[in-house]
Amino acid sequence: MDLLAEWEAFTASPIVPRLYNRWAGLWLLGTVLERRVLVHLTYAPHPFPLNQYVILVGETGTGKSIPLKSAKHVLAHLPIRGGLDEATREGLLKYLHEGLQGVALEEGATPELFSSAYLFPDEWRAFLPPDKEGVRFQGTLSTLWDGDHPGYKKVTKRGQTDDPGYDEEIRQPVLNMLGLIQPGWFAEHAPPGFWTSGLAAR
């Protein structure tokens, strides 16, 4: 039995659709592997980490929160950096910047530096509101998903206080999100072309 099959057996429930558990399992696998495994895509100039933005869509009472809680339970017992239940755009960039780590993809190789984080936005509509800041956040998430080398760099605005601001360089980002939402949100807020471009395409 492979890992995904074991996960589905562990999480099987008559009140949870199997696809919810399967997608939560795929998300969990990518989150744990971080940048230890890369995927080669024929159309991409470089290999990708297993970045996954997964949204479980369903009405209230369909059991979509149960796989999320199961994934949280597993991650709480693993020796990896903790995740976030919610974050602003600025907070997420700072969290990624502070999570710099290294891994050697081959024995004896120089460790590659990367920044890793995972999120549980259990209310996607609150996490990415359909306003100007939400649209900006979506653009940032699309860029981070691409995981390009050397990465993402941002300089915070320098204020007139004693805080000089700081540079946030995010090396080869690895970002995984497992969120929940009701279908009515898409009907009300998703613009034309939402599913074929930008964040949703990822």
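Author: The axes of helix 1 (residues 3–11) and helix 2 (residues 18–33) come within 9 Å and cross at roughly 130°, where helices are DSSP runs (H or I, at least four residues) numbered from the N terminus, and axes are lines fitted to C-alpha atoms over the stretch in contact, with angles running from 0 to 180 degrees between N-to-C directions. This is a predicted model, in which local features need pLDDT of at least 70 and side-chain atom pairs count only at pLDDT 80 or more, while totals for chains, interfaces and linings use all residues. Residues are numbered from 1 along each chain as its sequence is written, and side-chain values use heavy atoms, with hydrogens and water left out.

Helix 1 and helix 2 are therefore oblique to each other, a word for angles that are not under 35 degrees (roughly parallel), over 145 (roughly antiparallel) or 65 to 115 (roughly perpendicular). The contact (heavy atoms within 4.5 Å) is made on helix 1 by Leu-3, Leu-4, Trp-7, Glu-8 and Thr-11, and on helix 2 by residues including Arg-18, Asn-21, Gly-25 and Leu-29.

As for the open space, the lining of the largest pocket includes Leu-3, Leu-4, Trp-7, Gly-25 and Leu-29, along with Val-74 and Leu-78, and the elements that give two or more residues to this lining are helix 1 and helix 2. A pocket here is an open set of points on a 1 Å grid over the protein atoms alone where a 1.4 Å probe fits, with protein on both sides within 12 Å along at least five of seven lines, and lining residues have an atom within 4 Å of a point.
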